[in-house]
Amino acid sequence: MADSGAQAQPKPSSSVKLVLLGEAAVGKSSLVMRFVNNDFQENKEPTIGAAFLTQKCNLPTRTIKFEIWDTAGQERFASLAPMYYRNAQAALVVYDITKPSSLTKAQHWVAELQRQASPGIVIALVGNKLDLASSNPNSGSSDGDDADAAPAAEGEEEGEEGEGDARRVPTKTAKAYADEEGLLFFETSAKTGLNVAEVFTAIANAIPETSLKGPRGVGGQTSLGRQEDARVNLVGGRTEGAKEGCAC
Amino acid sequence: MEGTGNADPQTPGTSLENAPTSSTQKNDKVEQQDFINPTINIIQSASRRTSTSGVSSISREETPPPLPPRPKNLAFFDSRPSSSHSLAPTRPQLVSKATTQLSYTDTQSYNDESREESLSSGASRRKNYFGLNVSRNASDAEDNVSVRSFAPTIEVGGDAESILGEVIGDHEKSLLTSLGNRFEDKESESLFPPDPEFEETFKQEFDEIEEMKADGSNEESVMLQWRAKLKHFLILSSAGKPIYSRHGNDQLITNYIGVVQAIISFYQGANDVLRGFTAGDVRFVVISQGPLNLVAITRLTESDAQLRAQLDALYMQILSTLTLPSMERMFATRASYDLRRPLQGTETLLSALADGFTRGSPSTLLSALECLKLRKSHRHVINSTFLKTRSESLLYGLIVASGKLVSVVRPKKHSLHPGDLHLIFNMLFEAGSVKAGGGENWIPLCLPGFNNTGFLYMYVSFLNLEHPTEQVQERPVSKEGEGDEVAILLISANKEGFFELRGMRDDLVEQLQKNGSIDLMRGAVRQGRPSCTDIVPGSPLRHFLYKSRGNVQFTMPSFDPYFQTALDRRRLMNLYHHLHAHLHTKPTHLKIHHSTSTTNISLAWTTPLFELYCVAPATTSRAALAQAANKVIQWVRKEEERVFIIGGAVF
Ligand SMILES: Nc1nc2c(ncn2[C@@H]2O[C@H](COP(=O)(O)OP(=O)(O)OP(=O)(O)O)[C@@H](O)[C@H]2O)c(=O)[nH]1
Ligand SMILES: [Mg+2]
């Protein structure tokens with residue numbers, strides 16, 4: 001916040017508060033580190049409390065400055081979460097595609113956000129550690145649309161897909177759930193960087209211009225109308241041409 | 001467990017009764033107003049307090065600290081068990097063989113002094129808190145007596161006369177120096193005799209133990225790896241549930257936990273609180289804190305009191321995660337409660353602490369902090385900038401550079417506990433999580449020395465000294481905290497205070513940059529610790545630790561060039577532990593302890609104002625060592641306001 005706006009850009013610039021939520025060790029910090037520093041650490045230690053980071057994202061028509069709260073997934077910090085999502089305009093709810101229980105946890109977070117966060121909040125569901133799945137991610141998602149919205153848990157049959165495939169959450173399961181709830185949906189790898197910038201760019205694009213009020217734009221004040229917009233336009237938004245957009 | 005042999009229940013002492021629990025339980029309701037814990041006042045220097053007892057801080061600057069009295073008689077040795085005397089030659093593996101006590105005299109007067117101090121100074125109150133007050137526990141004395149050797153000789157008496165004074169003439173001095181030169185080759189050698197077995201063990205100390213295979217085929221090798229560790233820490237609930245172990249997984253440690261638990265309950269059943277026992281060359285020390293039993297198992301040279309201080313620190317880490325009332329609530333509902341769940345993620349912090357103890361930490365040994373050496377006027381500017389930019393909800397503010405304190409700001413009535421700072425430093429500089437995270441952090445934590453019933457919130461920002469206003473993207477990876485890391489820590493009781501404190505940080509950093517303080521800090525960090533010969537040209541000392549008791553701070557020279565590896569440092573710390581245990585053994589109250597081995601000669605010296613530990617090659621004479629020690633004292637006196645934070649920013 002302190003120095004936003006200092007960058008005299010021709011394009012309008014606005015800040016977006018974003019919060020990351022999800023079970024411990026799913027890779028929240030790793031995603032942020034990939035996005036902010038384009039770096040990855042093999043054995044990252046758990047976050048204590050929460051970390052605050054900023055990163056700019058250049059869109060064709062404007063610059064978005066993300067103010068990111070990377071929260072700790074450990075249970076004992078859960079009670080602090082409202083403090084971080086209360087005014088957030090966007091949330092990244094992360095699970096680990098090798099761990100079904102983490103999708104269940106993600107679903108709880110989504111429900112909590114829908115109940116308690118700003119009504120217009122843009123939520124992206126992100127399945128991380130895609131590098132651990134042997135098959136191409138696109139093959140998983142291409143046939144995913146017809147699946148029932150059966151949440152989580154039954155990842156077993158996907159295990160047959162390939163040798164050494166650690167995937168336990170089928171793409172279609174998560175995708176169906178995301179569609180039903182009107183969430184953005186991505187599978188990413190913080191390790192390889194796959195799809196990471198895309199998530200943030202998609203979120204940046206998903207925040208309606210009307211809700212952006214310069215550097216201090218606050219999601220909590222947005223109207224319900226905008227929320228409708230967000231939901232309709234963004235479902236399934238695997239944004240194209242995003243990669244070059246972000247300053248990472 | 002082989003041969004739990006001579007398990008000796010120790011006489012209940014008083015050190016545990018001074019633990020924080022007892023003093024704070026009554027204040028459960030108080031949220032952040034509980035400041036009656038025995039905390040240490042690192043800033044409000046005890047010199048002010050001791051001035052009431054006749055030693056003003058001014059006089060401390062002007063006049064040399066009182067030299068320890070000369071030994072009047074050596075008859076004191078009569079009280080030593082004669083058997084220990086004869087043990088000496090048969091224990092070549094001890095770092096220091098022929099141990100000689102030089103001054104047992106004036107125990108009475110020393111007692112008076114120390115009692116006065118314990119009434120008036122924060123320093124000794126802290127010691128109690130930490131359970132570090134070794135001298136309270138008679139059993140330690142017995143321990144040491146049984147192991148250490150005392151070999152009074154006529155020659156010792158002669159040296160004893162000379163050690164305390166400046167007896168060496170110039171001629172003699174130059175002779176010594178030239179001797180030193182002649183032995184230069186020798187001097188570059190290690191201060192410690194080679195000990196391949198220890199070296200090998202230490203090298204593997206921090207390696208992970210192999211996973212036990214499902215079919216148990218590698219059980220034996222796993223057990224061997226486990227047993228080869230120099231040090232173990234176990235934490236279990238009083239119901240016997242494992243909570244933490246530094247080495248090995250549950251499967252591996254269950255047996256041990258079972259045995260330890262059985263022994264503890266045996267003694268508890270006998271209404272006798274188990275303190276420690278020896279099995280072979282392994283020492284076990286147990287402390288019970290409320291619903292927890294903490295066990296240290298060591299093959300290193302450490303006294304029970306030193307181990308208890310380490311266990312206390314682990315316990316404080318657990319309280320820091322949970323707070324005391326919430327931990328008690330958990331066990332109140334179910335005695336068999338599994339504490340590992342709420343502690344999830346705390347293992348890395350506990351292990352960072354444990355490994356710090358295993359590597360050896362002067363800070364823990366002395367229960368004191370190290371400060372970044374800065375000119376008094378420079379520190380003053382930083383302090384006043386801190387005060388000027390202080391925001392509403394700030395409780396404590398700290399600037400820490402590569403693990404050393406630069407400046408502290410605090411409210412007049414509230415002091416900072418060194419144990420709490422140790423936990424914070426451990427989290428920031430030893431455990432990687434915060435350091436590696438990037439960005440700024442907002443961390444809820446309980447500072448048990450301050451108040452073990454509630455959480456505070458800590459804003460952490462690491463500065464890039466080259467471009468202080470920019471975000472630090474990647475921090476130097478440095479285990480020893482010797483990188484150019486400067487952290488700004490702002491602590492508040494306000495859960496929602498992040499942006500307020502962040503604003504303060506921006507302000508503070510901008511001002512510090514404007515008034516040149518950032519450059520000064522950078523310079524001081526770059527410069528690092530001086531070497532012994534920077535401090536006293538020509539000094540034979542290889543290393544020393546100087547603790548200012550009143551300030552609860554210590555200073556030391558660089559580990560380079562003589563102690564560059566972790567192994568060298570561990571062996572140096574072994575020596576310091578040994579010296580420290582001697583100084584803090586109750587019945588002796590000795591003021592000077594002198595120790596020699598084939599490869600080194602060392603000295604420990606305590607007065608109400610300071611503790612000094614120093615070591616030189618064995619070629620150094622006692623007189624030269626004593627003189628070098630005196631020179632260090634003089635140097636510290638001259639540099640006192642630079643190496644220590646005295647006064648400081650209070651609002
Ligand atoms: N293979 C693989 N490992 C990953 C990936 N992302 C993270 N990890 C690893 O997963 C572990 C946990 O990652 P973190 O980023 O710390 O997870 P987190 O969600 O921030 O965890 P908390 O802070 O405890 O909530 C680390 O060892 C990472 O190296 C990924 O995309 N692929
Ligand atoms: Mg994290």
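Colleague: How are α11(B) and α24(B) oriented to each other: roughly parallel or roughly perpendicular?
Modeller: Bear in mind that this is a predicted model. The axes of α11 (residues 196–203) and α24 (residues 566–583), both in chain B, cross at roughly 115°. Angles from 65 to 115 degrees count as roughly perpendicular, so α11(B) and α24(B) are roughly perpendicular to each other.

Colleague: Within what distance do the axes of α11 and α24 of chain B come?
Modeller: Within 10 Å.

Colleague: And is the crossing of α11(B) and α24(B) right-handed or left-handed?
Modeller: Right-handed.

Colleague: Which residues of α11(B) and α24(B) meet?
Modeller: From α11(B), Phe198(B), Glu199(B) and Phe202(B). On the α24(B) side they meet Ala566(B), Leu567(B), Arg570(B), Arg571(B) and Asn574(B).

Colleague: How do the residues of that contact divide into nonpolar, polar and charged?
Modeller: Four nonpolar, one polar and three charged.

Colleague: Switching to the metal. Which protein donors does the magnesium ion (ligand 2) have?
Modeller: Ser29(A) through OG and Thr47(A) through OG1. Both lie 2.0 Å from the ion.

Colleague: Where in chain A are Ser29(A) and Thr47(A)?
Modeller: Ser29(A) is in helix α1 (residues 28–37). Thr47(A) is in the loop between α1 and β2 (50–58). They are 18 residues apart, so the pair links distant parts of the chain.

Colleague: Are Ser29(A) and Thr47(A) buried or exposed?
Modeller: Ser29(A) is buried, and Thr47(A) is too.

Colleague: What is phi at Asn38(A)?
Modeller: Near 50°. That is a positive value in a residue other than glycine. Asn38(A) is in the loop between α1 and β2 of chain A.

Colleague: And in chain B, what is the phi of Ser367(B)?
Modeller: About 50°, again positive, and Ser367(B) is not a glycine. Its place is the loop between α17 (362–366) and β7 (369–370) of chain B.

Colleague: Why does Ser367(B) count as buried?
Modeller: Because its relative accessibility is 2%, and buried means under 20%.

Colleague: Which peptide bond is cis?
Modeller: The one from Asp560(B) to Pro561(B) is cis, with omega near 0°. Pro561(B) is in the loop between β14 (553–555) and α24 of chain B.

Colleague: What about Val286(B): where is it found?
Modeller: In strand β5 (residues 282–289) of chain B. Val286(B) is buried, at a relative accessible area of 2%.

Colleague: How many residues apart in sequence are Val286(B) and Leu307(B)?
Modeller: They are 21 residues apart in sequence. In space they are 8.9 Å apart, C-alpha to C-alpha.

Colleague: Now the overall picture. How many helices and strands are there in chain B?
Modeller: There are 25 helices and 18 strands. Chain B has 651 residues, and 59% of them count as buried. Take its contacts between residues at least 6 apart in sequence: 73% join residues at least 24 apart.

Colleague: And how many helices and strands in chain A?
Modeller: Seven helices and six strands. Along the sequence the pattern runs β-α-β-β-α-β-α-β-α-α-β-α-α.

Colleague: What percentage of chain A is made up of buried residues?
Modeller: Buried residues make up 56% of its 248 residues. Among chain A contacts between residues at least 6 apart in sequence, 76% join residues at least 24 apart.

Notes:
Residues numbered from 1 in each chain as written. Chains lettered and ligands numbered in written order. Predicted model: local features only at pLDDT ≥ 70, side-chain atom pairs only at ≥ 80, totals over all residues. Heavy atoms only, no water. Axes fitted to C-alpha atoms, helices over the stretch in contact; angles between N-to-C directions. Helix = DSSP H or I, 4+ residues; strand = E, 2+ residues; numbered from the N terminus. Parallel < 35°, antiparallel > 145°, perpendicular 65-115°, else oblique. Left-handed = near helix turned anticlockwise from the far one by under 90°. Contact = heavy atoms within 4.5 Å. Nonpolar A, V, L, I, M, F, W, Y, C, P; charged D, E, K, R; others polar. Donors = N, O, S within 2.8 Å, 3.2 Å for Na, K, Ca; no water. Buried < 20%, exposed > 50% of the residue type's maximum accessible area, 1.4 Å probe, protein only.
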